[in-house]
Amino acid sequence: MNKKELILKDLETLVGVNQIVTNAEELYDAAADRYKKYAKAKKVLNVPVPVAIVYPNCTDDVEKLLKYCNNNDVNVIPRGGKTATEGGLENWKEHTLVIDGSRMNKIIKLDTYNMQATVQCGTRLQDLEDELRKLGYTTGHSPQSKPVAQLGGLVATRSIGQFSTLYGAIEDMVVGLECVFPDGHVSRIKNVSRRAGGPDIRHIVIGNEGTLCYITEVTVKIFKYYPENNKFYGYLTEDIDTGLKILREVMVNGFRPSVARAYSEEDAKQHFYHFYEGKCVVILMAEGPKGIVDATCEAIEEAVDKFKDGIIKKVDSSLIEDWFNHLNWSQQDIDDEFEGMKENDSHDGFTTEISADWETIPKIYYNVMERVKNEFDRVHDLTMLGGHSSHSYINGTNLYFVYNYNINCAPEDEMKIYHHPLHQIVIEETLKLGGSMCHHHGIGKYRSQWAKDEHLSAFYMLEKLKDVFDPKGIMNYGTIYPKADGIKKYIEQDLEK
């Protein structure tokens, strides 16, 4: 009996047969995430399929599975929602189990007095949001993947939502959690508003991308919901700099619109083609209690007036509201894109998101634009190259670089010919100027080769976490922590036989 057969036999004694999936089509799907969506659709993935997908029903199941994998040198890929975009779910090992938490989907408690909700890891964010809305509350968390994303995956990848400028990112929302480490130890971080009991141990877990532990339960803050007070603003601007200055003005004056975004001309075209008029676009939204909304609206209008020389015209607020109402992707949208890639030699392109302080962001933007236009040898295939800021802070903002292209190569070569050279330029220019190469999509597997450059001397701390919590290295091989074969995959897109 070979190792694969032995693993499958052992699994049947650990969990029920109906919790184990070995269907070839599902294993192929589990071999990679949306990072290699085109190659996946074209059936040319160059990574091994996992041995099985296992669906735990409870924390005890996760504990048993991790202990088994740790004792038998079996790689584990934790999965929750399947919306990862940076290769974090891609399989690089022959003997791998994908442990999918989607059956652990119970909403445990909605505590409106203490303003928090506790759920199992596989609870869909949309389901939690729907139940809270019935009571007049919201999570405040709204990534584009909201209809399908699951809470465990959102916490593991340090997710952010479209309304983060007001409500914060997932790390600002997490109160407590439960997780399981490779040796089977279950840790529960209790739910308190704040404490000074040493370093904040929540952050060992938040953003670990399945490399240290498996998240089984999450408690997040909730907020009162005031949709009747929502106000929308939109403007056409001469350049993206004007938009960034408006965002900065609002933020440094102490106000928190729920949405604050600035788009370059090219990026505005694909989102606001019906009104952008070939110009840059800035959009803002205020929400919450009426008094706060009124004050925020006044601050927005004052910021716009301060930079009015760069503003061309105001946009009808109903157009901005309608855009937000159709922004999220359902499972049907994801499936339709996948089917479209099967038939066509194209897809909806890629994004690489970074962050930096206010002074540095425009420098990174223009440096990247110049390098791509002068160095990228397939620049003639680009159908769009632009960017937008969508998550701001008092001391800086993020920037999405967005690029679409015609694919004039074999499907298996698409990443190395198109995405990787563009990706590398963005990362190099960001790190050169002291920004972060990953604002909220995580490091995954294809940014891991720059992980040491991202953290510099602080990478020591990250390495020690891996040494202590996953000394046998069975958790999500290749993610966050750089591996030599990962660099080979990035450059050559080919596994050694």
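Mentor: The axes of H15 and H16 come within 9 Å and cross at roughly 145°. Axes here are lines fitted to C-alpha atoms, for helices over the stretch in contact, with angles from 0 to 180 degrees between N-to-C directions. This is a predicted model, in which local features need pLDDT of at least 70, side-chain atom pairs count only at pLDDT 80 or more, and totals for chains, interfaces and linings use all residues. Residues are numbered from 1 along each chain as its sequence is written, and side-chain values use heavy atoms, without hydrogens and water.

Trainee: What makes H16 a helix with a bend, and where is the bend?

Mentor: Helices are DSSP runs (H or I, at least four residues; strands are E, at least two), numbered from the N terminus. H16 covers residues 414-432, with 19 residues. The bend is the angle between axes fitted to the seven residues ending at a residue and the seven starting there; at His 420 this angle is about 35°, and Pro 421 follows within four residues.

Trainee: Why is Asp 381 called buried?

Mentor: Buried means under 20% relative accessible area (exposed is over 50%, partly exposed in between; 1.4 Å probe, protein chains only). Asp 381 has 6% relative accessibility, so Asp 381 counts as buried. Asp 381 lies in the loop between helix H15 and strand E17.

Trainee: Which residue of those touching Asp 381 has a side chain joined to that of Asp 381 by a polar contact?

Mentor: Tyr 418, at 2.7 Å. A polar contact is a pair of N or O atoms within 3.5 Å; within protein, one must be able to donate a hydrogen and the other to accept it, and residues adjacent in sequence count only if both atoms are side-chain atoms.

Methods. Expected span 1.5 Å × (residues − 1).
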